[in-house]
Amino acid sequence: MEKTVRVRFAPSPTGQLHVGSLRTALYNYLFAKKQGGVFVLRVEDTDQKRFVSGATENLVRILTEMGVHYDEGVFLEDGILIQKGTMGPYIQSERLPLYQEYVQKLLDTDKAYYCFCSGERLETLRAEQTKNKQAPRYDKHCLALSRDEVQAELAKGTPHVLRLNVLPERGEIIWEDMVRGRISILAKDIDDQVLMKSDGFPTYHLANVVDDYLMAITHVLRAEEWLPSTPKHILLYEAFGWELPQFAHLPLLLNPDKSKLSKRQGDVAVEDYLAKGYLKEALVNFIALLGWNPGQGSTQEIFSLEELTAAFDLAQVHKAGAVFDVKKLDWMNGEYIKKLSLDELYARAVAAGLFKKDLIKNASAEQQSEVYMKRVLAIERDRLVTLSEVGDNNLFFFTGELSYDGTLLYWKHNTQEMTREALEKAESILSQLLESEWEKREVLEKILWDAAGEKRGDFLWPLRVALTGAERSPSPFEVAWVLGKTECLKRLENALQKLS
RNA sequence: GGCCCCAUCGUCUAUCGGCUAGGACAUCAGGUUCUCAUCCUGAAAAGAGGGGUCCGACUCCCCUUGGGGCUACCA
């Protein structure tokens, strides 16, 4: 009987969800889906100092919003955190007695020991080791304490931690990483890791191993930064006498300078990208391709979550880190926006809080209507990189007053007279059009195109500037269609006044 | 400093011993065009260096170099 594949994403709720974490969660999700396994979300809140209120809720919300669904663990229901699954609790701060119980087993078998060293002593030790160009490491000072001495300190209430007793004789710790292959580290290079902190909370190392075991995790997919602590975890599994899970260390997401993707060099939170108007599908697609690719000579770049699930294979995951190139994300986001229907695009724009932006503040009631906004979006769809750009370069859609220099109306070296003629011609043609004719973009375009004749620039440039007041904009046909007859004629009239 | 990991165009990547090294983003040039964008066409752009192994190495091994991660009572 094959064991059910069980994987987990175990973030620490310290604020926002990092795009790198999202990628780790995504790969876990894809792997579980592909293997017909179970995906667990466990919250690792063992650091009381870094507790951020609301962070867990935020984490769950974003993960769900991105479509990275899991089967067990912590969920949000009506804004309240709940837990589902038979191997809970899934929040580590609710599992304290468990860690206590398991670490006691280590104590009983001399795999772990009490350490009463003060922070100052540790610091001096480290400083000295560093000065002597030695690797900073705990010197096993408290391992020498007799049972009585330990009891005496305990009785006095001396603050203490529990450490793992790493025996150098253990030699080489070797494991076969699913991404990186064979990795080996010498036991003598491993520090006597703190397992229990003086506040009674476990460290990541202890909690992680105990929970992965109790939650029957079969595959540990996590970022490369965890590579150096894997041997410590293996030692813990050994100390408990537990079977090892499979490890897969995922390549890091990098800054343009190749260092680990960090806040200092740009946005790292999923929320930031969402707020900037990136579509969740684009973001998921983009990060999926950072460190993985379907191989087999495939040149496909656009993948839905379903397609990713079908194509994903851990064997194709890279070893080297990948630079998070926003330019490529921009392109991909544009691709996704172009594929959106007008209704969808509008819904997304509303959800993105578009209509709360400043650009709307001078708009008329009509210009704020759904019909009008959809017309704007129809014009802008092909040129949008992000949702939040809507209107950014086209403020003229949302204002009654255009302010621009009248000389902008002149096409190349045309005279004022020629410009006036062009505008009057446009005014005359447009004023004769029926409202119903405005409704059809093609009709409007054909009429104006015909009127433009041979020297199109003479006619179209002044018209476009009159309608937009801008040097660059969509074509006059499109702008006229969005603005409507009344507004167009008003703008033409204003333009003519600028000429006198 | 120590330990570990990594290495194909600027960036993301294909290639799993036969390569005239393919694709995408970005860049540049041209086309379409009233402007901008879209769109279309094209160009430039890579196997870090040195040793092996092999009939043959980008692909396998070793060394060097370079980059990165870790080195907490943070995860």
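**A sheet and its surroundings**

Modeller: Strands S5 (112-115) and S6 (residues 161-164) pair in the antiparallel sense, over four bridges. Two strands count as paired if DSSP finds at least two bridges between them. Helices (H or I, at least four residues) and strands (E, at least two) are DSSP runs, numbered from the N terminus.

First, some ground rules. This is a predicted model, where local features need pLDDT of at least 70 and side-chain atom pairs count only at pLDDT 80 or more, while totals for chains, interfaces and linings use all residues. Residues are numbered from 1 along each chain as its sequence is written, and chains are lettered from A and ligands numbered from 1 in the order in which they are written.

Back to the sheet. Cys115 has Val161 of S6 as its bridge partner. S6 also pairs with strand S9 (residues 194-196), again antiparallel, over two bridges. Here Arg163 is bridged to Val194 of S9. Leu162 stands opposite Met196, also in S9.

Now put the three strands together. They form an open sheet in the order S5-S6-S9, with antiparallel pairing. S5 and S9 are the edges: each has a single partner strand, so one side of each has no neighbour in the sheet. On average, neighbouring strands are turned by 45 degrees against each other, direction ignored. Angles are taken between lines fitted to C-alpha atoms, for helices over the stretch in contact; they run from 0 to 180 degrees between N-to-C directions.

Look along S6. In a regular strand the side chains alternate between the two faces of the sheet. Val161 and Arg163 point one way, Leu162 and Leu164 the other, and all are buried. Buried means that 20 or more other C-beta atoms lie within 10 Å of a residue's own; 12 or fewer is exposed, in between is partly exposed, and C-beta atoms are placed from the backbone.

What packs on the sheet, and which strands does it touch? Helix H3 (96-108) packs there and touches S5, S6 and S9. Its direction makes about 95 degrees with that of S5. Contact means C-beta atoms, placed from the backbone, within 7 Å.

Follow the chain on either side of H3. The peptide bond from Gly88 to Pro89 is cis, with omega near -5 degrees. Asp110 is exposed, with 10 other C-beta atoms within 10 Å.

Helix H4 (119-131) supplies at least two residues of the surface near RNA strand B. Near means that a residue's C-beta atom, placed from the backbone, lies within 6 Å of the strand. In total 67 residues surround RNA strand B, with Ser12, Ala320, Arg383, Arg456 and Ser475 the closest. Helix H17 (456-468) gives the largest share of that surface, five residues.

Lys140 lies between H4 and helix H5 (147-156). Lys140 has a positive phi of about 60 degrees, although it is not a glycine. With 13 C-beta neighbours inside 10 Å, Lys140 counts as partly exposed.

Key:
Contact = placed C-beta atoms within 7 Å.
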